[in-house]
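Work through the exercises below with the structure open. Try each task before reading its solution.

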Amino acid sequence: MTTFIRNAWYVAAWSKEIGRSLFKRRILGEPIVLYRKEDGTAAALVDRCAHKLLPLSMGRLVGDHVQCGYHGLEFDCSGKCVKVPGQDRIPPGAMVRSFPVVERYNAIWIWMGEPEKADPALVHQVLRHGEPGWAVIDSQYQYHRTNYLNIAENLQDPAHTTYAHRSTIGNPAASEVPVKVEQHGNQVVSWRWTNNAPPPPIDVKFGGFQGLTDRCQYYNYFAPCVSRVDVCTLDAGQEHTEENMDRGHRAFSYKFLTPETEGTTHFFWMHVRNYAVGDDALEASLIEGMTRTFEEDNVICGAIQQEQDATGLRQIAFLAIDAGPSRVRRMLEQMAAAEATPQEPQAAGTQRAKVNA
Ligand code: FES
Ligand SMILES: [Fe+2]
């Protein structure tokens with residue numbers, strides 16, 4: 001049974017990856033070829049010629065058309081065959097599937113489900129992106145060797161940092177305050193505030209905090225494919241309003257998970273912060289530190305995937321720390337199952353009635 005949810009916008013690529021050449025990437029199990037038309041807008045087709053199935057990415061762009069590298073069939077951006085060398089008649093089956101795409105936040109988003117549901121307003125909104133006083137790190141990509149549900153659980157699981165990230169962000173004195181877990185529709189959030197505590201060194205260095213601080217971590221997961229970890233430090237004793245938090249030392253750490261196959265995931269990440277804006281040295285060290293941290297998770301989740309494949313099991317014992325991760329997995333599995341279930345129960349009923357009549 002598939003774990004994929006198709007009716008959603010997924011990051012297919014960073015904007016800078018797609019130009020006037022053919023770029024291939026497998027998404028939700030489907031081979032996709034992406035390119036830009038002459039007007040600069042992006043297009044996506046299934047990467048499989050309608051003739052003898054050669055990947056179209058092995059061909060070339062001719063104007064706005066993709067020309068297959070085997071016998072030269074040409075397809076427009078809607079997937080319609082517009083040219084068959086050597087014959088005038090274009091056979092009706094000479095079509096390839098096209099996919100809706102939208103470019104936003106320096107990324108190309110693709111809709112793999114029913115095209116009539118592809119509303120661009122449903123692209124996930126990145127908070128504070130492009131606003132004055134906020135810096136963005138984007139165009140970051142890793143290839144993770146695990147099913148996206150294992151990553152979704154990992155991103156909802158603050159308890160692993162002490163052990164899995166010893167060499168990076170792990171801190172044995174990590175907050176002992178337990179996280180609370182809530183679900184609001186298609187969003188799960190695990191969160192905690194640690195109040196009246198001394199600030200960690202990074203906040204002293206870049207936030208200028210001297211006295212006691214209140215700090216929060218919110219681990220949000222928005223189904224099916226967006227994780228946003230919010231961290232904020234502010235002087236203790238203030239109300240925890242959005243305005244006060246924006247005046248504090250705040251960051252949003254985004255991960256966009258795009259399943260490649262049932263065992264591999266494209267891991268795109270982005271980071272939005274309101275401190276050390278314009279500080280290139282800090283930015284380079286943030287990129288280096290986060291890259292290493294996410295690679296540590298990749299090693300762990302990749303090894304877990306291998307054992308899951310070998311045993312057919314997913315987990316043996318369940319702990320209190322699994323509340324958030326399990327909630328996310330359940331939400332995603334339920335959505336995938338609902339999508340896989342044929343809709344229109346009424347039509348099915350009518351059919352049965354006819355058969356029985
Ligand atoms: S396989 Fe593409 S034109 Fe023949
Ligand atoms: Fe981690």
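The exercises cover a metal site and salt bridges in this predicted model.

**Exercise 1.** Find which atoms coordinate the iron ion (ligand 2), and classify the arrangement.

*Solution.* 
1. Test the angles. Tetrahedral needs all angles between 85 and 135 degrees. Here the four donor atoms subtend 57 to 142°, so the arrangement is irregular.
2. Check burial. Both His-160 and His-165 are buried.

**Exercise 2.** Which residues are linked with Arg-250 in a network of salt bridges?

*Solution.* 
1. Start with the pair. Arg-250 and Asp-246 form a salt bridge, N to O 2.8 Å.
2. The network links Arg-128, Glu-242, Asp-246 and Arg-250.
3. Compare with the cut-offs. Buried means under 20% relative accessible area. Arg-250 has 2%, so it is buried. Asp-246 has 27% and therefore counts as partly exposed.

**Exercise 3.** Where do Arg-292 and Glu-288 lie, and how far apart are their closest N and O atoms?

*Solution.* 
1. Locate them. Both lie in helix α5 (residues 280-311).
2. Count along the chain. They are four residues apart, about one turn of the helix.
3. Arg-292, at 40%, is partly exposed. Glu-288, at 42%, is partly exposed too.

Technical notes. Residues are numbered from 1 along each chain as its sequence is written. Chains are lettered from A and ligands numbered from 1 in the order in which they are written. This is a predicted model: local features need pLDDT of at least 70, side-chain atom pairs count only at pLDDT 80 or more; totals for chains, interfaces and linings use all residues. Side-chain values use heavy atoms; hydrogens and water are left out. Donors are N, O and S atoms within 2.8 Å of the metal (3.2 Å for Na, K and Ca); water is not among the atoms, so sites may look incomplete. Four donors count as tetrahedral if all angles lie between 85 and 135 degrees; four count as square planar and six as octahedral if opposite donors are over 155 degrees apart and all others between 65 and 115; anything else is irregular. Buried means under 20% relative accessible area, exposed over 50%, partly exposed in between (1.4 Å probe, protein chains only). A salt bridge is a side-chain nitrogen of Lys or Arg within 4 Å of a carboxyl oxygen of Asp or Glu. Helices (H or I, at least four residues) and strands (E, at least two) are DSSP runs, numbered from the N terminus.
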